[in-house]
Amino acid sequence: MDDEAEFAEYARDNWGTLVRAAVFLGCTLPEAEDLAQTTLVRCYTAWDRVSSADNREAYVYRMLRNCLRDSKRRRWWGERPTEHLPDAASPDGTHRVDTADAVHRALDGLSRINREVVVLRYFVQLTEQQTADVLDVPTGTVKSRLSRALAQLAADNHLADLTEGTTP
């Protein structure tokens, strides 16, 4: 397979995960799509290095994280505007909106470094070692940050509201 076809396949297979990771790192959906696109452009221009990396996923998600930091340096990032909800109620979509809102609010309560660890481990589904490689920290640091973040999320009122009406 030639380089362009290999890159095209990689971009197609990983687009959704890159966008999702960016959303959970604090971007709105349009910002996340821009960030994923910028990351993939950088991947394309350095495809020889990316494709030959020992840990391609860690390499790409480090690029995503660096692109996010670069974009935040260039402009002011205030609070995200409130998403516009549809006028008509949707019986099957309400729970998903409530859940997504609760998760976003809970993640917003985490520090940047703890949010990055949670997003990379649970939303991107990188291993502890891959997460450590992305963040350029030891694996033990990933474990301790993850432990603190999960304890904070477990005590978060936004997530507790989701379980109040359910029975174990």
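The model is predicted, so local features need pLDDT of at least 70 and side-chain atom pairs count only at pLDDT 80 or more, while totals for chains, interfaces and linings use all residues. Residues are numbered from 1 along each chain as its sequence is written, and side-chain values use heavy atoms, with hydrogens and water left out.

Let's start with the rings. A pair of aromatic rings is described by the distance of the centres and the angle of the planes. Rings of Phe, Tyr and Trp (its six-membered ring) pair if their centres lie within 6.5 Å; planes under 30 degrees apart are called stacked, over 60 edge-to-face, and the rest tilted. The structure has four such pairs. In one of them, the ring centres of tyrosine 10 and tryptophan 47 are 5.6 Å apart with planes at 50 degrees, so this pair is tilted. Tyrosine 10 belongs to helix H1 (residues 3-24) and tryptophan 47 to helix H3 (residues 47-52), so the pair links parts of the chain 37 residues apart. Helices here are DSSP runs (H or I, at least four residues), numbered from the N terminus.

Are these two residues buried or exposed? Tyrosine 10 is buried at 6% relative accessible area, and tryptophan 47 is buried at 5%. Buried means under 20%, exposed over 50%, and partly exposed in between (1.4 Å probe, protein chains only). Ring pairs also join Phe7, Tyr10, Tyr44 and Trp47 into a cluster.

Next, look at phenylalanine 24 and phenylalanine 123. Their ring centres are 3.8 Å apart and their planes at 20 degrees, so the pair is stacked. Phenylalanine 24 lies in H1 and phenylalanine 123 in helix H6 (residues 112-123), so the pair ties together parts that are 99 residues apart in sequence. Phenylalanine 24 is buried at 14% relative accessibility, whereas phenylalanine 123 is partly exposed at 27%.

Now for helix H2 (residues 29-45). Its buried residues are Ala32, Leu35, Ala36, Thr39, Leu40 and Cys43. They cover an arc of only 135 degrees around the axis, so they sit on the same side of H2; the arc is that of the directions from the helix axis to the C-beta atoms. On the other side of H2, Pro30 and Thr45 are exposed.

Last stop: glutamine 130, in helix H7 (residues 128-135). Glutamine 130 counts as buried, at 18% relative accessibility. Leaving aside neighbours within four places in sequence, glutamine 130 is in contact (heavy atoms within 4.5 Å) with Asn55, Glu57 and Ala58.

Technical notes: Helices (H or I, at least four residues) and strands (E, at least two) are DSSP runs, numbered from the N terminus.
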